[in-house]
Amino acid sequence: MSEPLLKVQGLKTYFFLERGVVKAVDGVDFEIKKGEILGLVGETGCGKSVTALSIMRLISSPGKTVEGKVIFEGEDLLKKSGEAMRKIRGTKISMIFQDPHTSLDPVFTIGYQIAEPIELHQVEEQHLISAKEVPKKVVEMLKLVGIPDPDHRVVEYPHQFSGGMKQRAMTAMMISCNPSLLIADEPTTAIDVTIQAQILDLMRDLRRKLGTSILLITHNLGVIAEMCDRVAVMYAGNIVEQADITTLFGSPKHPYTRALLEAVPKVGAKRRELKTIPGMVPSLITPPPGCKFHPRCPHAMDMCREEFPQMIEVGKEHLVRCYLYSGASKK
Amino acid sequence: MSSKIPKTKLEAVRAGITAASGKARASGEKLIEVRELKKYFETKRGIFAREKKWVHAVDDVSFYIRRGEVFGLVGESGCGKTTVGKLILGLIRPTAGEIYFDGHNLTKFDKEELRKLRRRMGIIYQHPQSSLNPRMTVHTILSRPIDIHKIAEGKEKEEIILKVLGEVGLEPQHLDRYPHEFSGGQQQRIAIGRVLVLNPDFVVLDEPTSALDVSVQAHILNLLGKLQSKFGFTYLLISHDLNIVEHMSNRIAVMYVGKMVELADKEELRENALHPYTQSLLAAAPIADPKRKRKGVILKGEVPSTINPPPGCRFHPRCPYAKPICKEKEPEFKDVGKGHLVACHFVKSLSHKWPPPA
């Protein structure tokens with residue numbers, strides 16, 4: 001087995017607020033192999049975006065990554081200097097955000113904004129291309145992400161682009177320096193379904209053509225099912241289950257994963273009561289002791305209330321953080 | 001029997017409303033009928049405006065909603081689905097066309113008459129945090145509609161409020177709290193309660209769960225379903241999420257750039273979608289099942305502008321089957337049997353199966 005591209009180990013990112021410490025990410029471990037699409041799924045506030053920002057080292061005060069390792073291409077990103085990190089961002093790791101409307105600057109043309117990282121990284125730092133070639137490269141990138149008539153659109157401003165086109169332009173900017181890892185944080189949540197299908201297709205295409213690994217963060221289980229090779233399910237700052245896509249949807253083990261899958265209305269199913277999860281997502285300042293899901297879990301045992309469960313391997317690369325399966329690892 | 005003093009005011013309200021309508025609920029006849037409805041919005045106002053342009057938000061739409069039915073309206077952003085909802089409630093006035101609510105022609109009503117009729121209607125918006133007044137307690141929020149429509153006072157009013165609170169799954173101690181103290185799901189429950197105090201006939205659900213997480217969404221959809229079967233409400237469910245519309249509705253209409261392109265029973269639409277746009281919409285919706293991979297073909301291009309919609313069939317620039325006639329002549333919205341309406345020139349001659357042959 002080759003060394004994974006990204007290895008996150010024991011990552012903990014806390015926010016130090018006046019009313020207490022918010023343990024947004026509280027011990028997260030996962031790996032992404034080369035050319036793999038890993039899905040990170042979970043509900044609002046479970047820590048999926050903070051995990052992504054921690055990898056990028058974009059957490060600012062009052063937040064702080066207090067523990068853990070982020071090994072990328074063999075080196076720990078958390079130990080890098082600010083300057084070294086700046087060179088990695090945009091070239092080796094780039095990130096696409098949820099809302100294309102707020103991630104583009106309204107006062108600069110699309111072309112200018114796409115040219116910026118190319119000039120900075122490929123012209124000034126790496127001397128890969130000359131400054132004169134930049135405009136040509138920008139148009140090429142726009143063409144690659146499927147923007148019609150790129151020669152003319154390149155001088156337009158963000159407000160002249162539709163939502164789907166802006167997300168394409170963002171994608172063009174992010175892949176312009178051939179990153180080996182693309183972090184996409186809810187890339188299609190603000191976009192209509194037919195355009196969503198186009199953007200997802202574009203991302204799959206990039207993986208196929210350039211071998212880019214993708215960390216896809218979303219709350220949409222449909223998008224996960226369609227795009228990913230493996231999935232990690234997050235709940236209240238921890239990964240509770242990790243498996244390949246068919247296993248996770250076919251035989252989910254963790255009670256939270258199972259509940260989440262059953263809560264989604266499905267096309268073709270009869271109208272029935274949807275399964276719901278009782279209670280609410282716990283506070284991340286004073287999470288419940290033991291397993292954080294136990295107050296809402298129908299299978300909670302005494303043990304679950306006392307001790308935080310460890311990840312257990314229940315199948316090939318299928319990990320579950322639940323005491324229900326603690327017998328399985330011994331077999 | 002027809003005793004003159006009903007036990008609670010809530011019963012009285014219900015009795016009054018059914019008496020007013022003169023018909024039992026959930027009887028299957030038309031509660032809402034919309035005929036050739038049009039709404040154009042003017043753009044470019046202000047001193048520098050050289051020419052007026054019109055957004056064709058809703059352009060010649062006709063349909064009806066049966067009493068006790070859940071009527072789903074799907075489409076992508078800007079297709080005019082929310083405008084249809086607002087027009088039916090009389091919150092905006094149509095440019096042309098007629099809207100009938102229980103036999104009354106709303107387009108002929110003045111503001112005051114509309115306000116009175118709105119006691120029998122409600123709307124639930126997408127974002128509960130912006131549709132609830134942050135300076136009002138839950139109690140005030142729930143009592144406002146009762147006060148405005150002079151339904152009850154004093155003890156009777158409190159009874160209604162407590163009963164509604166129980167129906168939407170909130171506790172009496174929540175009454176003195178403010179909206180910001182609640183989670184998104186609970187806020188949506190308050191918004192549902194605000195509609196429920198009037199015990200309306202008809203409720204517009206405008207993306208009721210789009211701002212919520214899946215597990216909370218399941219709670220709210222279950223609640224809306226429960227209330228509907230208990231009180232016989234008629235819903236117009238507006239959503240971009242086909243899964244939700246499929247789950248809740250009896251009949252579904254699909255809109256594209258201000259026009260209705262297809263309308264059918266839920267099962268019929270799922271099994272036998274005829275309009276190429278509906279088919280591509282069904283194909284584009286991601287399925288939470290890795291074994292059922294989406295079919296490879298993806299609709300090209302973007303939704304056109306409603307300011308200058310394409311001539312002829314509005315879907316023709318993106319349609320894989322488009323022929324010259326589609327650019328010139330607008331297709332009729334016609335019945336192809338079993339109440340299944342489609343607006344496509346080639347609905348009978350083409351064997352529409354998505355994906356189209358390469």
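This short talk walks through a predicted model with chains A and B, starting with chain A, then chain B, and ending with the contact between them.

Residues are numbered from 1 along each chain as its sequence is written, while chains are lettered from A and ligands numbered from 1 in the order in which they are written. Since we have a predicted model, local features need pLDDT of at least 70 and side-chain atom pairs count only at pLDDT 80 or more, whereas totals for chains, interfaces and linings use all residues.

Let me start with the overall form of chain A. Chain A holds twelve helices and twelve strands, where helices (H or I, at least four residues) and strands (E, at least two) are DSSP runs numbered from the N terminus. The radius of gyration of chain A is 21 Å, close to the 20 Å that the globule rule gives for 331 residues, so chain A is as compact as a globular protein of that length; the radius is taken over C-alpha atoms, and the rule is 2.2 Å times the number of residues to the power 0.38. Along its principal axes, the C-alpha trace of chain A spans about 70 × 50 × 45 Å.

How much of chain A is buried? Of its 331 residues, 45% count as buried, and here a residue is buried if 20 or more other C-beta atoms lie within 10 Å of its own, exposed if 12 or fewer, and partly exposed in between, with C-beta atoms placed from the backbone. Among contacts in chain A between residues at least 6 apart in sequence, 62% join residues at least 24 apart, a contact being two residues whose C-beta atoms, placed from the backbone, lie within 7 Å.

Now please look at the strands of chain A. Eight of them form an open sheet with mixed pairing, in the order β6-β7-β8-β3-β9-β10-β12-β11; two strands pair if DSSP finds at least two bridges between them. At the edges stand β6 (93-96) and β11 (312-315) of chain A, each with a single partner strand, so one side of each is left without a neighbour in the sheet. Within this sheet, strand β3 (residues 37-41) of chain A runs parallel to strand β8 (residues 213-218) of chain A and is joined to it by five bridges, and in that pair A:Val41 has A:Thr218 as its bridge partner.

Another part of chain A is built from β1, β4 and β5. Strand β1 (residues 6-17) and strand β4 (residues 63-72) of chain A run antiparallel and are joined by eight bridges, with A:Lys7 standing opposite A:Ile71 in β4(A). β4(A) also pairs in the antiparallel sense with strand β5 (residues 75-76) of chain A, over two bridges, and A:Ile71 has A:Asp76 as its bridge partner there. The two strands β4(A) and β5(A) form a hairpin with two residues between them, and A:Glu73 in the turn has a positive phi of about 50°.

Strand β1 (residues 30-43) and strand β4 (residues 96-101) of chain B pair in the antiparallel sense over five bridges, and B:Val34 has B:Ile99 as its bridge partner in β4(B). Two bridges join β4(B) to strand β5 (residues 104-105) of chain B, again antiparallel, and this hairpin has two residues between its strands, with B:Asp102 in the turn showing a positive phi of about 50°.

Which residues of helix α5 (residues 138-148) of chain B are buried? They are B:Val138, B:Ile141, B:Leu142, B:Ser143 and B:Ile146, and what covers the buried residues of α5(B) includes α6 (154-167) and α7 (184-196) of chain B. After α5(B) comes B:Lys150, whose phi is positive, near 50°. In helix α6 of chain B we also find B:Lys163, which counts as partly exposed because it has 14 C-beta neighbours inside 10 Å.

Finally, how do the two chains meet? The contact takes 32 residues from chain B and 38 residues from chain A. On the side of chain B that touches chain A, α8 (214-231), α9 (242-248) and α11 (276-284) of chain B each supply at least two residues.
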